[in-house]
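Here is a friendly walk through a structure, with the cut-offs spelled out along the way. Have your viewer open and follow along.

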Amino acid sequence: MEKIIVKDDDTVLRRIPNKSSHINKDGTLSSANFIGPDTSVNIERLTTIEETLAGYESFGLVRLSTGSIRALGADVVHDPLDNNYSHAIIPGKRSAHVARKFATTATIVIMPELDRGNALHAV
Amino acid sequence: MEATAVINAPVMHSKAENATDEIVNQIMKIGQFSNLPDDWDSYGGKAISYEICARAAQYLYTAFKELSTESVPVEMPFIAPSGDGSIVFEWTSDKVELIVVFRPDVQLDVEYLTVEKTGDTESEKEGVFSSVTSFVQAVKWFSLNKA
């Protein structure tokens, strides 16, 4: 499968779990969303918000810019899957420092619908 | 006072009782992480092991117990599981932040990041706790510097 070069001005999308543990009380994202390893994302110009959320409609969605990811010493590498050509990874596990920066630079596209019926909602 | 007046009086919880309730709730939440199935985050997220849950709960309880005896008010952290099987504690305020990551690696490393904010600048320090005592000191540092 042909791989593209991910540009600095590309944006990537990542689902965030529909659990209150992943959104702070003040609406900011938890660093836990980005600890890794090999954080999966979708390259936005190769997909849509609807496709990224397909099957996970209650999840939230955040957007990161490749340039800001690379400025923190990480990278974005196209890693197409049979069922998702837009798939890419941010390789490796990351420190709390980098995960925190990802969390603060990510923009929330769609807030998750918190799963009140799930016992794990509380966490 | 008649017995009925006592029965009908509102139940007053002391600060200590409320704090105890809070730590019990937080430890129960950590315990629930061990029920997470594989792929809980839709990206193949690993289940959180019992060992990681136990370690995180033990650290938090120790901080609560030791700092309570020193009359240091302990704020409970924001607690979240991560896709690699870690548990993350986050304490945040306008002045300081403390992030602690309980890693599921062989050494069960407990990493930390402290952030001090002054105006538009941030000063960060990263490391690995060598013991639960170091963790307790970091929580104390946050508690005393958050305001």
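The report below goes from ground rules to chain layout, then to single elements and residues.

## Ground rules

This is a predicted model, in which local features need pLDDT of at least 70 and side-chain atom pairs count only at pLDDT 80 or more, while totals for chains, interfaces and linings use all residues. Residues are numbered from 1 along each chain as its sequence is written, and chains are lettered from A and ligands numbered from 1 in the order in which they are written.

## Chain B at a glance

Chain B has 4 helices and 5 strands; helices (H or I, at least four residues) and strands (E, at least two) are DSSP runs, numbered from the N terminus. Along the sequence, the pattern of chain B reads α-α-α-β-β-β-β-β-α.

Of its 147 residues, 33% count as buried. Here a residue is buried if 20 or more other C-beta atoms lie within 10 Å of its own, exposed if 12 or fewer, and partly exposed in between, with C-beta atoms placed from the backbone. Take the contacts in chain B between residues at least 6 apart in sequence: 51% of them join residues at least 24 apart. Two residues are in contact if their C-beta atoms, placed from the backbone, lie within 7 Å.

## Helix α4 of chain B

Helix α4 of chain B covers residues 132-145, and at 1.5 Å a residue its 14 residues should span 20 Å, which agrees with end C-alpha atoms 20 Å apart. The expected span is 1.5 Å times one less than the number of residues.

The buried residues of α4(B) are B:Phe135, B:Val136, B:Ala138, B:Val139, B:Phe142 and B:Ser143. Seen down the helix axis, these fall within an arc of 160°, so they line one face of α4(B); the arc is that of the directions from the helix axis to the C-beta atoms. The face turned away from the buried side carries the exposed residues B:Thr133 and B:Leu144. Among the elements covering the buried residues of α4(B) are α3 (50-69), β2 (87-92), β3 (96-102) and β4 (110-118) of chain B.

Leaving out residues up to four places away in sequence, B:Ile87 touches residues including B:Ile30, B:Phe33, B:Cys53, B:Ala56, B:Ile79 and B:Phe102.

## Where the chains meet

How many residues does each chain bring to the contact? Chain B gives 24 residues and chain A gives 23. On the chain B side, α2 (15-33), β1 (78-81), β2, β3, β4 and β5 (121-128) each supply at least two residues, and the largest share, 4 residues, comes from β1(B).

From chain A, consider helix α3 (residues 96-105): 7 of its 10 residues are buried, so it is largely enclosed by the rest of the structure. The cover over the buried residues of α3(A) includes β3 (60-65) of chain A together with β3, β4 and β5 of chain B.

## Residues worth a click

A:Ile108 sits in strand β6 (residues 107-110) of chain A and is partly exposed, with 15 other C-beta atoms within 10 Å. Beyond its neighbours within four places in sequence, A:Ile108 is in contact with A:Gly60 and A:Val62.

B:Asp39 has a positive phi of about 65° although it is not a glycine. B:Asp39 lies in the loop between α2 and α3 of chain B and counts as exposed, with 12 C-beta neighbours inside 10 Å. B:Ser71, in the loop between α3 and β1 of chain B, has a positive phi near 60°; B:Ser71 is exposed, with 6 other C-beta atoms within 10 Å.
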